[in-house]
Every structure is written in structure tokens, then in C-alpha cells.
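Colleague: Hi! Could you walk me through this one while I have it open?

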Amino acid sequence: MNEIVKKLKRLLRYSQHDIENPSDKDIAEFFLHYDNFLIGNLRFEDGMWYFAYSEEFKNQNRYSTIANFPRKEIEYKTSDLRQWPFFTLRIPTKAQMKTTSPDSVDSDAVSLLRQFGNRAIANPYRLLPAYV
């Protein structure tokens with residue numbers, strides 16, 4: 001069993017995204033939607049990522065919370081977006097991007113989410129930049 005855990009950890013490390021945090025001076029905001037319903041917002045500010053559910057979401061019982069964010073009433077915070085796979089799975093790895101000039105693709109998380117974050121194959125939510 002211990003060997004399996006070690007192999008899984010190596011695999012996860014290998015498949016980790018090469019995501020960089022933007023500059024601490026950068027500010028970005030994204031809105032998370034399910035159909036036309038605003039679920040919450042993700043923002044980057046002062047070197048930290050924040051996720052909070054919208055007031056509309058907090059005051060309803062039709063939709064469940066997201067597994068990584070089980071409590072409606074708190075604002076979640078991390079310095080590394082990779083701690084939140086719900087958002088990072090929207091960003092392809094460099095190997096997946098396979099562009100003709102890989103150096104032209106920004107590697108900071110805000111730029112990558114703006115470019116690739118709208119839809120994910122793993123869930124029906126849409127992540128839209130507040131402004132472009």
C-alpha cells in the first residue's frame with residue numbers, strides 16, 4: 001500500500017501544472033456560473049486567491065456547494081491556486097497546449113484562466129473573467 005501511495009504522489013507531481021502566481025500587484029476577478037446562475041467569484045489580489053459564494057447562491061437550496069468549498073458563509077483563501085483543483089483543472093498543462101510557439105503562452109494563473117478557464121470537461125460550470 002505504501003508503494004502505491006508513493007507512485008501516486010510521483011504521478012501527481014509529474015502532472016502538476018507549471019502555474020505561476022501573477023505579480024502581487026495584479027488584481028483579477030472571475031465569475032463562476034452554472035447556466036445563468038451566479039455561483040460565486042474567484043479573485044486574485046495582493047498575492048492571494050479568494051473564492052466566495054454569491055449572495056444569490058447563499059440564499060438558495062437548489063444547488064449544492066462545491067466539494068472543495070463546502071461552507072457557503074466563508075470566503076476561502078490560498079496563496080497557491082494549485083491547492084484548488086476545481087479551478088486548476090481548467091488550465092491545460094504545457095504538454096497539452098502544444099502550440100506552435102510554446103513560449104508565447106503565458107504561464108501565470110490569471111492569464112491561463114482568462115485564456116482557457118471558461119469551460120472544463122470535468123464539470124458544467126463556466127468561469128468568466130469580470131473584465132478582459
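This is a predicted model: local features need pLDDT of at least 70, side-chain atom pairs count only at pLDDT 80 or more; totals for chains, interfaces and linings use all residues.

Colleague: Good. What does the accessible surface of the chain come to?

Modeller: About 8700 Å², and carbon and sulfur atoms account for 49% of that.

Colleague: And how many of the residues are buried, as a percentage?

Modeller: The chain has 132 residues, and 39% of them count as buried.

Colleague: Switching to the fold: which elements are there, and how do they run?

Modeller: There are five helices and five strands. Starting at the N terminus, the run is α-β-β-β-α-β-α-α-α-β.

Colleague: In what order do the strands sit in the sheet?

Modeller: It's an open sheet with the order S4-S3-S2-S1-S5, and the pairing is antiparallel. S4 (76–78) and S5 (126–129) are at the edges with a single partner strand each, so one side of each has no neighbour in the sheet. From one strand to the next, the twist averages 20 degrees.

Colleague: Which helix packs on the sheet there?

Modeller: Helix H5 (residues 109–116) does, touching S1, S2, S3 and S5. The direction of H5 makes about 35 degrees with that of S1.

Colleague: How many bridges link S3 and S4?

Modeller: Three, in the antiparallel sense. Trp-49 stands opposite Thr-78 in S4.

Colleague: Last one: His-33, buried or exposed?

Modeller: Buried, because its relative accessible area is 18% and the cut-off for buried is under 20%. His-33 sits in strand S1 (residues 28–34). Beyond its sequence neighbours up to four places away, His-33 touches Leu-38, Ile-39, Tyr-125, Arg-126 and Leu-128.

Conventions:
Residues are numbered from 1 along each chain as its sequence is written. Side-chain values use heavy atoms; hydrogens and water are left out. Helices (H or I, at least four residues) and strands (E, at least two) are DSSP runs, numbered from the N terminus. Buried means under 20% relative accessible area, exposed over 50%, partly exposed in between (1.4 Å probe, protein chains only). Accessible areas come from the Shrake-Rupley method with a 1.4 Å probe; for residues, only the protein chains shown count as cover. Contact means heavy atoms within 4.5 Å. Two strands pair if DSSP finds at least two bridges between them. Axes are lines fitted to C-alpha atoms, for helices over the stretch in contact, and angles run from 0 to 180 degrees between N-to-C directions.
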